[in-house]
Amino acid sequence: MMDLDDLDRALLRSLSRDATTSAGELGRRLGLSQPAAWRRVKRLEEAGIIAGRRVAVDRPALGFGVTVFLGVKLATKGRVSLEDFERAVTAIPEVQVVQHVLGLFDYRLRVVARDIADFERVLRRRIMTLPGVGQVEANVLLTEEARPGPLG
Amino acid sequence: MQIDDTDRRILRHLLADPGLPNAQLAERAGVTGATCWRRLERMQAAGLIAPPAAVINWRAMGYEVEVSLRFNLDKTEPRAFDEFLAAAREVPEVIAIETFLGRVDVRLNVIARDMAQYQEIYRKRILTLPHIADIEALMLIATIKEESALPL
């Protein structure tokens, strides 16, 4: 595992706000030359610490007014049922995130929908018909906030 | 701002693969590079999409543990949400904060290097947050799918 210093953490803080910031600009902010900043970013990418990019969208403005997190408990368990469930659930376009968890539920799903009626359609036709699905709990997302994490 | 089919096509490809360079994104969306760039600029200026942000892989930085903590807050206290959220923002290991309508009021994503560190954070920083009525924990085993794609 790679050891990070304060400059690496500062680079990560900048890039996690805007990944398109140039090495020249990053260098100016941190007192590094452009090639030195570029080399550090490259190293963080190669170590897998910078794992791609994400684009945050204003979902309601694009017509997706509802985001719901579902906790799903499987009714039947065993290796085959987990694989069947995972294969089927990842194929649903409205399901953005699938996490296998340990605790009250077996899976956490993040589901986007146009409105509550659309969500009901996804829930009834797509989720409740998944192989092995048991108890389902829904929580409607009101606000979300990504935090910088332990980079300080 | 109204978006048309061209914007929607660009967005679909961008959200499916946010790391794509402009030239390739344009090619996939079937527009010229200049059009693609102009459309993205316009959508960014209107606040529909944010600039691409780097995704940090905490596991590659040595944070092996990720726990989703689900809270119920004491709603007899009118300032419970605000005070809880303000205090949660002070905990560096909290990487995401979400509020919900449903059985869960707030969810925090907490990361730690190992179980020993998690236990320390949980006892010293989480259990001391104000106005907690109940906590449930889901430990992340694996992320099966994580996309920002919308079924546009």
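These legends walk you through several views of a predicted model.

Local features here need pLDDT of at least 70 and side-chain atom pairs count only at pLDDT 80 or more, while totals for chains, interfaces and linings use all residues. Residues are numbered from 1 along each chain as its sequence is written, and chains are lettered from A and ligands numbered from 1 in the order in which they are written.

View 1. Chain A has five helices and five strands; helices (H or I, at least four residues) and strands (E, at least two) are DSSP runs, numbered from the N terminus. Read from that end, the order is α-α-α-β-β-α-β-β-α-β. The C-alpha trace of chain A spans about 55 × 40 × 25 Å along its principal axes. Its radius of gyration is 20 Å, whereas a compact globule of 152 residues would have one near 15 Å (taken over C-alpha atoms, with a globule rule of 2.2 Å times the number of residues to the power 0.38).

**View 2. Two domains of chain A.** Domain 1 covers residues 6-46 and domain 2 covers 60-140 of chain A, with bounds from an automatic or database domain assignment. Their C-alpha centres are 38 Å apart.

**View 3. Helix 2 meets helix 3 in chain A.** Helix 2 (residues 23-30) and helix 3 (residues 34-46) of chain A pack at about 105°, and their axes are 8 Å apart. Axes are lines fitted to C-alpha atoms, for helices over the stretch in contact, and angles run from 0 to 180 degrees between N-to-C directions. These two helices of chain A are therefore roughly perpendicular (65 to 115 degrees; under 35 is roughly parallel, over 145 roughly antiparallel, the rest oblique). Among the residues making the contact are L26(A) and L30(A) from helix 2 and W38(A) and V41(A) from helix 3; contact means C-beta atoms, placed from the backbone, within 7 Å. By class, this contact has seven nonpolar, three polar and no charged residues (Ala, Val, Leu, Ile, Met, Phe, Trp, Tyr, Cys and Pro are nonpolar, Asp, Glu, Lys and Arg charged, and the others, Gly among them, polar).

**View 4. Where chain A touches chain B.** Here 55 residues of chain A are in contact with 52 residues of chain B. Strand 5 of chain A gives the largest share of chain A's side, ten residues. That side has 29 nonpolar, 13 polar and 13 charged residues.

View 5. Strand 3 of chain A and strand 5 (residues 132-146) of chain B run antiparallel, joined by six bridges; strands pair if DSSP finds at least two bridges between them. Look for V97(A), whose bridge partner in strand 5 of chain B is E146(B).

Methods. Contact = placed C-beta atoms within 7 Å.
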